[in-house]
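Please walk me through this structure in plain terms. I have not seen it before and would like to know how its parts are arranged.

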Amino acid sequence: MSDTVSFFSGFAPRDLLFLGEAALRTMWISALSITMGSLLGAVFGWMLYEGKWVATLTLAPVLDVFRSVPLIIQLVLFYNFAPIVGLNLDPFASGVVILTIYTAALVANVARGGIEAVEPPMRRAARSLGMSYWQDMRHVVLPIGLRAVFPAWVGVALGVMKDSALVSVLGYVELLKASQILITRTQEPFLILTIAGAFYFALSYPISRYAAKLEQRWAQ
Amino acid sequence: MFDYNFHWRPVMKSLPDLIEAGFLTLQVAALAMLFGIVIGLGLALIRLHLRGPLYWFATAWVELARNTPALFQLFFFGFGLGAFGLHLMPYSIVLAGLSFNCAGYLAENFRGGFQAIPDTQIRAARSLGMSAVQAYVRIVIPQVLRVVYHPMTNQMVWAVLMSSLGMLVGFRELSGETQFFASRTFRIFEYFAVTAVIYYVIVKVILGASRLLATRLFRY
């Protein structure tokens, strides 16, 4: 029977290209969410530090919710909630929104820790040298605090990169979703999952090693 | 703009089922945590004291667990092992995946904990006539526990949140059960909103219990 249609075909070299493209999408959605989330998180962290009890009563519990509910539930909830209020977001946009807020909730604590890591005498010294509040923030708190929490921030960023795999539940074809598509066609789960895992590992491992090295060097 | 009618009645009807599924979530997370602690302790001790093939095995485990997405690890236990004719039940997939992940993260925590205890402590214990095992059980472990207690609590929370990925491999824990009901009634938002609340409560209960336990454990 030569006219039967073959649904399954083996793994071909061009599938590697497909996986590579999907890896780029993973990097793109992660980079976007981590950048926006970190900026937002830094602002939240500053608010938590300066806001005293007002922030403790309002902002902190809200951020806490995003850390206490599984990301996958947040994604499904938001994706189904947006149309209710008249927003029509595609999976990518929904994913970016939730990943950004999720990142911000995690970075907020890191950022507050960074500000707290700068000893008050240092800041008083800066102020008594005539620096304004923002000059003190920019030239004293930022360099010292950043150094203290940079490894923790890298940990958060890498975590978000790995968690971006969950956006696949909304239908966004990133690395893991692409591997599932290929598995369905080729029926070679072991090979394809190994390749996908290798991509993630190659993205994450060098950065985590670099952060660990920096932490060691700065600790001395 | 806001012409969506919320229907909470079906959700309330299946609330007992959801809460029961919540206990299943808690169960699988606690079991994964237990395996994770035992294996993680082994991996940490291997990485601290041994060289050679065992060291590389432990290092590979830790780095793979920490540098690939948890969802990828679940898929690997779910579909990847199928290539070797090993087909696990959804419950076993989630348990194996979570245990693998927890063991990797906890191993690094434990390693840090052991490194925080100075060598002189063991030497002092030995010179007081304790055996190596006694020195470990009576002197080192209690001090390590203090260092790793907080990270372990966090890991337990992560285990609960990660178990929600079971939904994607057909395991009917809290998220899987929610998806099951949601796809039957199409009340997706309502179901997942209630589930989010249940997760939040579970996480808060764990954190509260951990704090209570800490005040009893670390009285001195």
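Among contacts in chain B between residues at least 6 apart in sequence, 75% link residues at least 24 apart; two residues are in contact if their C-beta atoms, placed from the backbone, lie within 7 Å. This is a predicted model, in which local features need pLDDT of at least 70 and side-chain atom pairs count only at pLDDT 80 or more, while totals for chains, interfaces and linings use all residues. Residues are numbered from 1 along each chain as its sequence is written, and chains are lettered from A and ligands numbered from 1 in the order in which they are written.

Chain B has 9 helices and 0 strands, where helices (H or I, at least four residues) and strands (E, at least two) are DSSP runs, numbered from the N terminus. Its pattern along the sequence is α-α-α-α-α-α-α-α-α. Along the principal axes, the C-alpha atoms of chain B fill a box of roughly 75 × 45 × 30 Å. Of the 220 residues in chain B, 42% are buried. A residue is buried if 20 or more other C-beta atoms lie within 10 Å of its own, exposed if 12 or fewer, and partly exposed in between, with C-beta atoms placed from the backbone.

UniProt, in an unreviewed entry, places the feature "domain: ABC transmembrane type-1" at residues 22-207 of chain B. That span is 81% helix and 0% strand, and its end C-alpha atoms are 16 Å apart. For chain A, the UniProt annotation "domain: ABC transmembrane type-1", also from an unreviewed entry, covers residues 23-211. Here the span is 83% helix and 0% strand, with end C-alpha atoms 22 Å apart. UniProt positions are given in the numbering used here, feature names are shortened, and annotations may be inferred rather than shown by experiment.

Where the chains meet, chain A gives 30 residues to the contact and chain B gives 30 residues. On the side of chain A that touches chain B, the elements giving two or more residues are α3 (59-68), α4 (71-81), α7 (133-163), α8 (175-186) and α9 (189-219) of chain A. The largest share, 10 residues, comes from α9(A). By class, this side of chain A has 22 nonpolar, 6 polar and 2 charged residues; Ala, Val, Leu, Ile, Met, Phe, Trp, Tyr, Cys and Pro count as nonpolar, Asp, Glu, Lys and Arg as charged, and the others, Gly among them, as polar.

The largest nonpolar core has 113 residues, of which L75(A), L71(B) and A159(B) touch the most other members. Such a core is a set of buried Ala, Val, Leu, Ile, Met, Phe, Trp, Tyr and Cys residues joined through C-beta atoms within 7 Å. Leaving aside neighbours within four places in sequence, L71(B) is in contact with residues including A165(A), L166(A) and L165(B).

S94(A) lies in helix α5 of chain A. S94(A) counts as buried because it has 22 C-beta neighbours inside 10 Å. Beyond its neighbours within four places in sequence, S94(A) is in contact with L75(A), F78(A), Y79(A), A82(A), L89(A) and L170(A).

Most residues other than glycine have a negative phi. Q187(A), not a glycine, has a positive phi of about 60° and is found in the loop between α8 and α9 of chain A. In chain B, F186(B) has a positive phi of about 65° although it is not a glycine, and its place is in the loop between α8 (174-185) and α9 (188-217). Q187(A) counts as partly exposed because it has 15 C-beta neighbours inside 10 Å, whereas F186(B) is exposed, with 11 other C-beta atoms within 10 Å.
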